[in-house]
Amino acid sequence: MKLLARRNWPSLLGAGVLAAGCSIITSIPDHTGESADQTGVGGTTAESTNVGGTTADDTNAGGTTSASTGTDPADTPVGKHGQLSVQGTLIMDEHGNPVQLKGPSSMWLNWESAPYAENKEGLQWMRDNWNAKVIRAAMGITPAGAYLQNPTKAKNQVKTIVQNAIDLGMYVIIDWHDGTADQHQADAVAFFTEMAQTYGSYPNVIYEPFNEPVKQDWSTVLKPYHEAVIAGIRSADPDNIIVLGTGNYSQFVDLAATDPILLPNIMYTLHFYSCTHGASLRDRGDYALDRGLAIFVTEWGATDANGGTGSSATLCLDEAQRWHDWMNQKGISWAAWKFDKCTDLTCYFKSGAAVTGGWTDDQLNGHGPFVRDRMLEQTERAADAY
Ligand code: MG
């Protein structure tokens, strides 16, 4: 999720807006008509005080299921599919079969209302009961308390999620959740080089070096940034997939397609929020796919681009279904915003949902039931079916 209100951020923080539990929504001028991206999505509420994972809110009476008793590693997603690679527009597993990964994206890790993404038992429950194969760790960079200000805390959150995913045989996306990563290139190169040195030998890990570029130009700004981060990663990890952020909040995959990075195991991000984005953005995706780019939807919501905040927020499930029909037809993998509890319609859970799993229908919030149902769908098929 984006942070378009950056220029207003210090004053908003100073005004205690986040502390008051309000989301920040700031419209920006939009000349394209399809990127009415807004943001804030702090998603923080009064529940934010519950971060220790030890309060009553996090101990679900619904409890865990037999899923917690462990699984044969061979039956896990990574056990079945192993090392991934990009072949044409598809992710292929080590047996030469296409793989469509589906799973949750964390909240900005610096703004989680409770440590859902870091909870191994809850992630296992989602793997076993919702069919999650991948989790995205969205490491915030610029906000107060995020990576630039507290790198040890942020990195440890990511390492917890990655290690849990390795233990559970799931894929994991390490996301540099930043709209101005080109201004933090040295930090990003150092971070991803370290991640590649630490985890590059595991087939689980996927790198995402730039969540949502804002208005930066692809060829002169984004491409050189990506090339620098790729060089760092490839110095330690020759093969794991790297998913590149594209212009205008990871929408302009068509512009990347006019000047792609011609290296192995590279994909490009496309993000959609179905109340804001429809057929014209899918057309950009088709343009890129037709030119051989592989797309990974590392973030989506069945809401407005602001993440479904505010009292007038609504779901757009019909358009979201059209997106899923398109992704399933093309074999496109995805992660859904966001694995947290709050009143934003992109939060999967209501207050009271445990971090440890066992989620009942009445604990689901907003697009949560739709996310679960789409995650449960198996769409594996042969390469020649695409
Ligand atoms: Mg590797």
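Gly278 is partly exposed in this predicted model, because 15 other C-beta atoms lie within 10 Å, a number that falls between the limit of 12 or fewer for exposed and 20 or more for buried. Gly278 sits in the loop that links strand 9 (272–273) to helix 9 (279–290). Its C-alpha atom is 6.7 Å from that of Glu319, although the two residues are 41 residues apart along the chain.

**The chain overall**

- The chain contains 11 helices and 12 strands.
- Of its 386 residues, 54% are buried.
- Among contacts with a separation of 6 or more, 75% are between residues 24 or more positions apart.

**The nonpolar core**

- In soluble globular proteins, nonpolar side chains tend to be buried together.
- The largest nonpolar core here has 102 residues.
- Ile135, Ala137, Val172, Tyr268 and Ile295 have the most contacts inside this core.
- Leaving aside residues up to four places away in sequence, Tyr268 touches Val243, Leu244, Thr246, Val253, Ala256, Ala288, Leu293, Ala294 and Ile295.

**Helix 11 and its cover**

- Helix 11 spans residues 368–376, and its buried residues are Gly368, Phe370, Val371, Arg372 and Arg374.
- The cover over these buried residues includes two helices, helix 3 (120–130) and helix 10 (317–330).
- Strand 3 (102–106) and strand 12 (333–339) also belong to that cover.

**Helix 3 against helix 4**

- Two packed helices are described by the angle between their axes and the distance between the axes.
- The axes of helix 3 and helix 4 (residues 151–168) come within 10 Å of each other and cross at roughly 45 degrees.
- The two helices are therefore oblique to each other.
- The crossing of helix 3 and helix 4 is right-handed.
- On the helix 3 side, Lys120, Leu123, Gln124 and Arg127 take part in the contact, and they meet Asn164, Asp167 and Leu168 of helix 4.
- Sorted by class, this contact has 3 charged, 2 polar and 2 nonpolar residues.

**Backbone details**

- Trp337 and Lys338 are joined by a cis peptide bond, with omega about -5 degrees.
- Lys338 is part of strand 12.
- Asn248, in helix 7 (residues 247–250), has a positive phi near 55 degrees although it is not a glycine.
- Asn248 is buried because 22 other C-beta atoms lie within 10 Å.
- Ser250 lies in helix 7, and its phi is also positive, near 55 degrees, in a residue other than glycine.
- Ser250 is buried because it has 28 other C-beta atoms within 10 Å.

Terms used:
Residues are numbered from 1 along each chain as its sequence is written. This is a predicted model: local features need pLDDT of at least 70, side-chain atom pairs count only at pLDDT 80 or more; totals for chains, interfaces and linings use all residues. A nonpolar core is a set of buried Ala, Val, Leu, Ile, Met, Phe, Trp, Tyr and Cys residues joined through C-beta atoms within 7 Å. Two residues are in contact if their C-beta atoms, placed from the backbone, lie within 7 Å. Helices (H or I, at least four residues) and strands (E, at least two) are DSSP runs, numbered from the N terminus. Axes are lines fitted to C-alpha atoms, for helices over the stretch in contact, and angles run from 0 to 180 degrees between N-to-C directions. Angles under 35 degrees count as roughly parallel, over 145 as roughly antiparallel, 65 to 115 as roughly perpendicular and the rest as oblique. A crossing is left-handed if the near helix is turned anticlockwise from the far one by less than a right angle, and right-handed if clockwise. Ala, Val, Leu, Ile, Met, Phe, Trp, Tyr, Cys and Pro count as nonpolar, Asp, Glu, Lys and Arg as charged, and the others, Gly among them, as polar.
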